Amino acid sequence: MLPPPPRQPPPQARAARGAVQLQRPFLRGPLGVLRVLQLLAGAAFWITIATSKYQGPVHFALFVSVLFWLLTLGLYFLTLLGKYELVPVLGSRWLVVNVAHDLLAAALYGAATGIMIDQTQRHSYCNLKDYPLPCAYHAFLAAAVCGGLCLGLYLLSAFYGCCRRYQGKQEVV
């Protein structure tokens with residue numbers, strides 16, 4: 001014979017301690033939107049460079065763009081998933097880490113943009129209508145524009161983080 005059914009429903013299962021929850025306020029907030037724009041502009045920057053013939057100092061610009069694209073991707077997903085506490089030492093200072101990342105990215109994107117502007121000027125001789133040989137002028141020009149856009153986006157997000165810090169807030173979201 002079976003025992004009688006319980007009179008109360010079983011307790012609700014609690015979420016696991018390490019459960020991942022999407023931080024919707026970050027996704028819809030200014031910093032989340034800026035991060036997505038930084039990822040798109042950064043990808044356009046390094047893809048434009050990588051698909052052209054490049055040499056010399058352009059390697060540094062490509063290094064900067066790929067490095068900060070990957071770092072921004074990591075910051076974006078750690079913040080979006082609310083798992084930045086898992087980062088040793090830095091997780092408790094996440095807003096300061098984001099501002100430092102943005103300022104460093106802006107400085108190095110400034111250098112990379114300067115390199116791309118210089119390379120664009122060096123290849124301006126082949127920007128003629130009937131020039132028969134392949135030329136990287138247009139790719140370098142597009143990369144310089146994307147680099148300037150990245151520089152502006154990183155400065156804007158650093159300014160936003162500084163404003164939040166000045167208001168006494170400790171969190172990114």
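Q: Is arginine 164 buried or exposed?
A: In this predicted model, arginine 164 has a relative accessible area of 10%. Buried means under 20%, so arginine 164 is buried.

Q: Where is the place of arginine 164?
A: Arginine 164 is in helix α5.

Q: And with which residues is it in contact, leaving aside neighbours within four places in sequence?
A: Arginine 164 is then in contact with Leu95, Lys169, Glu171, Val172 and Val173.

Q: Val172 is on that list. What about asparagine 98, which residues is that one in contact with?
A: With neighbours within four places in sequence left aside, asparagine 98 is in contact with Arg35, Leu75 and Val172. Asparagine 98 is found in helix α4.

Q: Buried or exposed, for asparagine 98?
A: Asparagine 98 counts as buried, because its relative accessibility is 2%.

Q: How many Å separate the C-alpha atoms of asparagine 98 and proline 5?
A: The separation is 54 Å, and these two residues are 93 residues apart along the chain.

Q: Let us turn to the helices. What describes two packed helices?
A: The description uses the angle between their axes and the distance between the axes.

Q: Then at what angle do α4 and α5 cross?
A: Helix α4 covers residues 94-122 and helix α5 covers residues 137-166; their axes cross at roughly 160 degrees and come within 8 Å. That angle makes α4 roughly antiparallel to α5, since angles over 145 degrees count as roughly antiparallel.

Q: Is that crossing left-handed or right-handed?
A: The crossing of α4 and α5 is left-handed. Sorted by class, the residues in this contact are 20 nonpolar, nine polar and three charged.

Q: How do α2 and α5 cross, then?
A: Helix α2 spans residues 30-50, and its axis comes within 9 Å of the α5 axis, with a crossing of roughly 160 degrees. The two helices are therefore roughly antiparallel to each other. Here α2 passes α5 in a left-handed crossing.

Q: Which residues make that contact?
A: On the α2 side they include Leu31, Leu34, Arg35, Gln38 and Phe45. On the α5 side they include Cys146, Leu149, Leu153, Leu156, Ser157 and Tyr160. By class, the contact of α2 with α5 has 18 nonpolar, five polar and one charged residues.

Q: Leu34 is among them. Is leucine 34 buried or exposed?
A: Leucine 34 counts as buried, because its relative accessibility is 9%. Its place is in helix α2.

Q: Which residues is leucine 34 in contact with, leaving aside neighbours within four places in sequence?
A: Leucine 34 is in contact with Leu153, Leu156 and Ser157.

Q: One more helix pair: at what angle do α3 and α4 cross?
A: The axes of α3 and α4 cross at roughly 155 degrees and come within 9 Å. The helices are therefore roughly antiparallel to each other, and α3 passes α4 in a left-handed crossing.

Q: Which residues make this contact?
A: From α3, they include Phe60, Val64, Phe68 and Leu75. From α4, Trp94, Asn98, His101 and Leu108 are among them. The residues of this contact divide into 17 nonpolar, six polar and no charged.

Q: Where does valine 89 lie?
A: Valine 89 lies in the loop between α3, residues 58-80, and α4. With a relative accessible area of 63%, valine 89 is exposed. Its C-alpha atom is separated by 26 Å from that of phenylalanine 63, which is 26 residues away along the chain.

Q: Which residues does UniProt list for "transmembrane region"?
A: The unreviewed entry lists residues 32-52, 58-82, 94-117 and 137-160.

Q: What is the helix content of residues 32-52 and of 137-160?
A: Residues 32-52 are 90% helix and 0% strand, with end C-alpha atoms 31 Å apart. Residues 137-160 are 100% helix and 0% strand, and their end C-alpha atoms lie 35 Å apart.

Definitions and conventions. Residues numbered from 1 in each chain as written. Predicted model: local features only at pLDDT ≥ 70, side-chain atom pairs only at ≥ 80, totals over all residues. Heavy atoms only, no water. Axes fitted to C-alpha atoms, helices over the stretch in contact; angles between N-to-C directions. Helix = DSSP H or I, 4+ residues; strand = E, 2+ residues; numbered from the N terminus. Parallel < 35°, antiparallel > 145°, perpendicular 65-115°, else oblique. Left-handed = near helix turned anticlockwise from the far one by under 90°. Nonpolar A, V, L, I, M, F, W, Y, C, P; charged D, E, K, R; others polar. Buried < 20%, exposed > 50% of the residue type's maximum accessible area, 1.4 Å probe, protein only. Contact = heavy atoms within 4.5 Å. UniProt positions renumbered as here; feature names shortened; annotations may be inferred.
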